[in-house]
Amino acid sequence: MNYLIGAFKPPCHIKIIFADAKTRKQVSIKKENGQTTMVPLFQSQETIGGEVSIEPLPGKKVEHIGVKIELLGQIELYFDRGNFYDFTSLVRELDIPGEIYERKAYPFEFSTVEMPYESYNGVNVRLRYILKVTISRNYVSNIVEYQEFCVRNYTPTPTINNSIKMEVGIEDCLHIEFEYNKSKYNLKDVIIGKIYFLLVRIKIKNMELEIRRRESTGSGPNTYVETETLAKFELMDGAPVRGESIPIRLFLSPYELTPTYRNINNKFSVKYYLNLVLVDEEDRRYFKQQEITVFRLLENQ
Amino acid sequence: MRLREDARSLIFTNLCSMLGTFFLGLGSVYIKSKEAPAKDILKDLVEMCRGIQHPVRGLFLRNYLCQISRDKLPDIGSEYGGDGDSINDAVEFVLQNFTEMNKLWVRMHHQGPIREKEKREKERSELRDLVGKNLHVLSQIDGVDLDMYRDTVLPRALEQVVNCKDDLAQHYLMDCIIQVFPDEYHLQTLETLLGACPQLQPNVDIKMVLSQLMDRLSNYAASSTEVLPEFLQVGAFAKLSNAIGKVIDSQPEMPVFGSITLYVSLLTFTLRVHPDRLDYVDQVLAACVKKLSCLPRIEDKKATKQIVALLSAPIEKYNDIDTALKLSNYPRVMDHLDNATNKVMAVVIIQSIMKNNTYISTSDKVDALFELIKGLIRDMEDTDDEELDEDDFKEEQNSVARLIHMLYNDDPEEMLKIIYAVRKHILLGGHKRLVFTVPPLVFSALKLVRRLHCQEGDVIGEDVPATPKKIFQLLHQTVEALSVVPSPELALRLYLQCAEAANDCDLEPVAYAFFTQAFVLYEEEVADSKAQVTAIHLIIGTLQRMNIFGVENRDTLTHKATGYSAKLLKKPDQCRAVYACSHLFWVDDQDGIKDGERVLLCLKRALRIANAAQQMANVTRGSSGPVTLFVEILNKYIYFFEKGNPQITSSAIQGLIELIMTEMQSDNSLSEPSMDAFFSSTLRYIQFQKQKGGVMGEKYEPVKV
């Protein structure tokens with residue numbers, strides 16, 4: 001479909017302009033070709049409105065059998081490339097069949113759109129929102145224009161937020177007790193905690209805290225799991241002795257985290273884990289992984 | 001707000017890398033920006049440094065923290081806050097850093113392979129200043145006043161020191177605490193500080209620590225007299241003494257020299273701070289005695305050295321042996337020294353007396369003193385004779401001899417007592433020492449005799465205990481003691497001295513008795529011919545000066561003397577002794593004896609002997625000896641001639657001169673330059689007298705030269 005457009009130059013320019021484009025916050029997203037562009041940011045229940053302008057090339061006219069704009073929420077799984085699962089699809093008819101000779105503008109509005117999921121660009125999966133304008137034509141292919149936008153949803157601070165506290169170890173070898181102050185962190189949060197050494201009989205070289213992202217896609221036998229280490233943070237250097245307690249301060253803001261996504265449209269999940277790793281002098285690694293929930297807190301709140 | 005968040009996150013995010021130092025630096029900048037209270041940031045920083053558990057890296061990081069935070073501590077007058085609370089924070093911060101650093105430092109000792117232990121210990125001791133710096137910083141915080149120091153800083157620091165149970169650390173940190181904080185703080189917190197000492201590890205060199213503390217305190221006391229009341233107020237001495245006792249008790253393995261060093265420091269402290277409290281000094285010595293008494297005799301060189309130091313300290317301080325003699329424990333400490341050291345100590349004591357010209361003025365003190373230096377006065381039970389070096393022995397005994405002259409009192413009665421006391425002691429000394437010790441005693445006694453004689457006018461009466469007679473009796477016995485040595489020459493001299501003194505006191509029988517003794521000695525003991533010559537000349541000389549003898553006594557003695565002279569072995573000696581005897585008959589005094597005839601007899605006899613000597617020489621060597629004897633006799637003639645002896649005539653002189661000339665010109669006489677010179681100057685003298693004219697010139701007129 002695309003190369004047809006390339007072969008036959010579209011006879012018009014289509015522009016989608018958001019109503020509040022000048023004031024709305026923009027965020028950068030990564031496109032398929034690796035480049036980043038700025039797109040406007042919305043959240044669920046917002047009204048998305050604006051104007052579509054169609055300007056035929058000078059001396060040409062556009063014959064059509066209708067102009068429509070769609071708001072689509074799509075999930076694209078990379079192992080199933082090219083197939084989009086639309087979980088949201090709204091359509092507005094803009095024009096009845098006819099001909100366009102000169103620049104013509106169509107206002108549009110999708111009011112209080114339900115956009116339950118956030119835009120996400122992962123390893124194996126992508127969730128995106130687009131506005132799609134289609135000029136339908138007879139005999140020749142439709143003229144299509146996309147405008148992507150980004151959606152982020154905010155969660156209020158959870159009322160129950162227990163700390164993670166656990167004692168782990170290897171018998172007669174290493175016993176530690178660690179504590180992270182919360183189990184749910186917002187994206188700009190600080191992980192504060194400490195590690196208390198109850199028994200140390202191995203020579204520890206250092207200790208790190210890793211933030212890992214686990215993205216699982218598909219379901220059933222076709223589940224793909226991809227784990228990335230987003231941050232490696234050295235907590236301690238050298239060998240501690242019994243009774244030593246090592247503080248943790250890990251600021252999350254420098255890392256590109258997303259909120260935790262659980263079972264998005266039965267297609268994928270994104271979870272975050274804190275992995276405490278102790279490395280001994282022979283480079284053996286001892287670790288304990290703990291899931292944390294990451295949520296997005298409305299900024300400037 | 002935003003910037004602040006970022007700065008914080010940056011600081012902590014990367015703290016653990018070796019870039020940690022950089023981020024601490026950032027932290028310091030952040031404090032300067034004053035966006036957050038300094039104390040919060042400092043607290044965070046010191047807490048986060050825990051992430052570095054690697055000892056060396058941790059130490060350096062924390063050291064850096066300490067360094068950059070120094071000028072940012074919320075102290076009084078600092079721009080980062082300064083009320084009471086924030087000083088607490090600052091102190092808390094430094095203390096915490098100190099505690100953690102010390103932990104890391106101590107841990108170095110335990111980590112790593114055993115074979116590199118030594119190397120590691122060396123490294124550790126090089127790193128110690130990093131830890132100590134914290135204490136230094138603490139001491140520089142203005143807000144740390146005495147109360148804060150007493151209530152917070154010191155207990156916390158000591159707690160850390162005691163609990164770390166590490167030798168190196170404990171020693172260094174104790175030292176550090178002592179050195180960095182002001183003296184008055186130490187003085188006020190002595191109890192706490194000292195309380196920590198017995199809790200230290202047994203291998204820690206507590207004596208060094210305590211000595212340094214005491215040195216500091218004593219310097220402090222010396223710095224100004226105003227602080228002395230403080231010392232009294234806190235009872236510094238009692239506390240220190242107590243603490244030392246505890247330390248010694250709690251560490252039975254401590255070497256002897258260690259405990260003695262402690263006592264030395266305590267003593268030094270006492271002497272400087274409480275110079276007036278002799279009882280303190282005695283207490284210290286008593287404690288030392290107590291410690292020593294449960295040990296076998298000290299063999300350890302170091303320990304001995306320390307004891308010497310201990311004993312020398314009071315002497316040096318008071319510059320007066322009197323004070324030392326008052327210390328009842330002083331001799332008891334000396335008892336624990338080995339013989340050699342005992343002697344050294346005794347010499348030190350004597351030298352001190354000499355240097356300061358201290359007169360020992362009562363017999364009690366003399367007794368005490370001799371008890372102290374008994375190592376020099378008598379043989380110890382287990383001395384090996386071989387180990388004695390002759391020169392050393394002489395040196396020692398000479399110093400004792402000098403000492404005897406320092407025992408002096410203006411009051412004759414007391415002086416006599418002193419002499420009795422000295423005598424009692426030196427007679428125990430054995431024959432080797434008597435040679436050295438008797439003469440000074442004798443002279444000291446003679447000095448007393450002379451003094452008594454001078455003031456005889458004032459003190460008369462039989463009840464006076466100190467009479468010359470008594471002293472002479474004493475002397476008699478004393479010199480007699482020398483006979484066992486045997487040292488007849490010395491005894492003879494002393495007898496003669498006594499005789500002369502008796503002469504001055506108009507005690508004829510005494511003098512006579514002494515002379516008799518001298519003669520007896522001469523006859524019976526002086527066998528060596530050279531010694532005889534010397535002795536006879538001494539006898540003659542002394543006898544010549546005696547003026548109290550009656551005719552009879554004198555005759556006996558002079559007769560004896562001339563008799564002995566003629567019996568000397570060698571002719572020249574005979575000759576010289578005989579012509580010397582001539583003086584016995586001619587005392588050039590107003591009422592002296594002037595027996596010209598016997599003078600002439602003597603001289604003639606001398607001439608005869610000289611002749612005989614000449615002939616003997618002719619027979620044995622084929623040449624006659626020098627004419628020395630003749631010239632000497634000629635000089636005697638001239639002397640008596642001038643003195644107006646009627647028996648000596650100018651013709652006799654003339655004859656003698658001619659005799660000498662002939663002798664000199666004879667073929668077989670040896671000419672000797674010195675002899676010729678002697679003779680010609682004699683002739684020149686006669687010539688001179690003649691030319692001078694006057695009475696003397698006339699007298700010489702008949703003599704032709």
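**Entry 1: ground rules**

I noted that in this predicted model local features need pLDDT of at least 70 and side-chain atom pairs count only at pLDDT 80 or more, while totals for chains, interfaces and linings use all residues. Residues are numbered from 1 along each chain as its sequence is written, chains are lettered from A and ligands numbered from 1 in the order in which they are written, and side-chain values use heavy atoms, with hydrogens and water left out.

**Entry 2: the two chains**

I looked up the secondary structure first. Helices (H or I, at least four residues) and strands (E, at least two) are DSSP runs, numbered from the N terminus. Chain A has one helix and 22 strands. Chain B has 35 helices and zero strands.

Next I looked up burial, where buried means under 20% relative accessible area, exposed over 50%, and partly exposed in between (1.4 Å probe, protein chains only). Of the 301 residues in chain A, 47% are buried. Of the 705 residues in chain B, 52% are buried.

I then took the accessible surface, computed by the Shrake-Rupley method with a 1.4 Å probe; for residues, only the protein chains shown count as cover. Chain A comes to about 15900 Å², with 46% belonging to carbon and sulfur atoms. Chain B comes to about 32300 Å², with 51% belonging to carbon and sulfur atoms.

For contacts I used heavy atoms within 4.5 Å. Among contacts in chain A with a separation of 6 or more, 67% are between residues 24 or more positions apart. The corresponding share in chain B is 71%.

**Entry 3: the cores**

A nonpolar core is a set of buried Ala, Val, Leu, Ile, Met, Phe, Trp, Tyr and Cys residues joined through side-chain atoms within 4.5 Å. In soluble globular proteins, nonpolar side chains tend to be buried together. The largest core here has 224 residues, and B:Ile177, B:Phe231 and B:Phe472 are among those with the most contacts inside it. Helix α5 (residues 84-110) of chain B gives the largest share of this core, 12 residues. A second, separate core has 71 residues, including A:Val62 and A:Tyr129.

I followed B:Phe472 further. Beyond its neighbours within four places in sequence, B:Phe472 is in contact with residues including B:Leu446, B:Cys505 and B:Phe514. B:Cys505 counts as buried because its relative accessibility is 10%.

**Entry 4: cysteines**

How many disulfides does the structure hold over all chains? A disulfide is a pair of cysteine sulfur atoms within 2.5 Å. I found zero disulfides over all chains. B:Cys66 is another cysteine I checked; B:Cys66 counts as buried at 4% relative accessibility.

I checked the length of helix α23 (residues 412-426) of chain B. The expected span of a helix is 1.5 Å times one less than its number of residues. The 15 residues of α23(B) should span 21 Å, and the end C-alpha atoms are 20 Å apart, which agrees. In α23(B), 11 of the 15 residues are buried, among them B:Pro412, B:Leu416 and B:Ile426. The buried residues of α23(B) pack against helices including α22 (390-406) and α24 (431-454) of chain B.

I also looked up B:Thr304, which is in helix α16 (residues 301-318) of chain B. B:Thr304 is buried, with a relative accessible area of 6%. The C-alpha atoms of B:Thr304 and B:Leu337 are separated by 6.7 Å, although the two residues are 33 residues apart along the chain.

**Entry 5: strands of chain A**

Two strands pair if DSSP finds at least two bridges between them. Strands β6 (residues 66-77) and β7 (residues 84-95) of chain A pair in the antiparallel sense over 10 bridges. A:Val67 stands opposite A:Asp95 in β7(A). The hairpin of β6(A) and β7(A) has six residues between the strands, and A:Gly82 there takes a positive phi near 90 degrees.

Strands β2 (residues 26-30) and β3 (residues 36-42) of chain A are also antiparallel, over five bridges. A:Val27 stands opposite A:Val39 in β3(A). In which sense does β3(A) run with strand β12 (residues 143-151) of chain A, parallel or antiparallel? β3(A) and β12(A) run parallel and are joined by two bridges. A:Phe42 has A:Val151 in β12(A) as its bridge partner.

**Entry 6: one loop residue**

A:Asn124 lies in the loop between β10 (120-121) and β11 (125-136) of chain A. Is A:Asn124 buried or exposed? A:Asn124 counts as buried because its relative accessibility is 17%. Not counting residues up to four places away in sequence, A:Asn124 touches residues including A:Glu76, A:Tyr78 and A:Glu226.
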